[in-house]
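Work through the exercises below with the model open. Try each task before reading its solution.

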Amino acid sequence: KVHELSNYIQKSNTEISYVPKNVGEFVITRGDVLRVQGDMEKTMERYREIQELHVLMQEHKIEIEDDDKDDMESLTRNKDELQKTLLSVEGKMDVYMKDFTDQLEGKLTKDLEVDTKKIADGLDDPKL
C-alpha cells in the first residue's frame with residue numbers, strides 16, 4: 001500500500017506541476033488540479049491509515065525492516081511535497097486563466113478584424 005500511494009502521489013504531483021504553454025494544456029492541467037483537489041481527502045485518509053499502522057508496529061515493537069522505514073519516510077516527503085505543490089499551483093491557476101483569456105481575446109479580436117475586412121472588401125466588389 002505504501003508503494004501504491006507513493007506512486008499515486010508522485011504521479012499527481014508531476015501532473016499538477018506542469019506549466020501549460022497554451023490553452024489546451026491549461027485545460028488539461030486545470031482538470032488534473034481539480035481531480036487532485038477532489039481526491040485529496042481520500043489520499044490523506046489513505047496516508048493516515050498507513051501511518052497509523054506504522055506507528056502501531058513501532059509501539060508494539062514489531063520489527064520494521066529498514067526498507068519499509070525508508071518507504072514510509074519517502075511517502076511522507078511525497079505527501080508533503082504534493083500539498084505544497086497543490087497550494088502553489090492553486091494560486092497560479094488564476095494567473096494562467098488570465099493569461100490565456102487575454103491570449104484568446106486577442107486572437108478572437110484579430111480574427112474578427114480579418115473577417116470584417118474580408119466582408120468589407122467583398123461589399124466593395126463591383127460584381128455585387
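**Exercise 1. How many helices and strands are there in the chain?**

Solution. Start with the ground rules. This is a predicted model: local features need pLDDT of at least 70, side-chain atom pairs count only at pLDDT 80 or more, and totals for chains, interfaces and linings use all residues. Residues are numbered from 1 along each chain as its sequence is written, and side-chain values use heavy atoms, with hydrogens and water left out.

Now count. The chain has three helices and zero strands. Helices (H or I, at least four residues) and strands (E, at least two) are DSSP runs, numbered from the N terminus. Along the sequence the pattern reads α-α-α.

**Exercise 2. What share of the residues of the chain count as buried?**

Solution. Take the cut-offs: buried is under 20% relative accessible area, exposed is over 50%, and partly exposed is in between (1.4 Å probe, protein chains only). By this rule, 24% of the 128 residues are buried.

Next, turn to contacts, meaning heavy atoms within 4.5 Å. Among contacts in the chain with a separation of 6 or more, 74% come from residues 24 or more positions apart.

**Exercise 3. Trace the salt-bridge network that includes Lys11.**

Solution. Apply the test: a side-chain nitrogen of Lys or Arg within 4 Å of a carboxyl oxygen of Asp or Glu. The structure holds five such bridges.

- Step 1. Lys11 pairs with Glu15 at 3.0 Å, N to O. The two are four residues apart in helix H1 (residues 2–17), so about one helical turn separates them. Lys11 is exposed, at 51% relative accessible area.
- Step 2. Glu15 also bridges to Arg35, with the closest N and O atoms 2.1 Å apart. Glu15 lies in helix H1 and Arg35 in helix H2 (residues 23–59), so this pair ties together parts 20 residues apart in sequence. Arg35 is partly exposed, at 29%.

**Exercise 4. Buried or exposed: how does Lys79 count?**

Solution. Lys79 has 11% relative accessibility, so Lys79 counts as buried. Its side chain meets that of Asp80 in a salt bridge (2.7 Å, N to O). Asp80 is partly exposed, at 30%.

**Exercise 5. Which residues gather in a patch of negative charge on the surface?**

Solution. Patch residues have over 30% relative accessible area and no salt bridge; like charges are joined within 9 Å. Asp and Glu count as negative. The patch consists of Glu63, Glu65, Asp66, Asp67, Asp68, Asp70 and Glu73. Check one member: Asp67 is in helix H3 (residues 66–123). Asp67 is exposed, at 52%.

Methods
Patches are made of residues with over 30% relative accessible area and no salt bridge: like charges are joined within 9 Å, nonpolar side chains (Val, Leu, Ile, Met, Phe, Trp, Tyr) within 5 Å. Accessible areas come from the Shrake-Rupley method with a 1.4 Å probe; for residues, only the protein chains shown count as cover. The place of a charge is taken as NZ of Lys, CZ of Arg, CG of Asp or CD of Glu.
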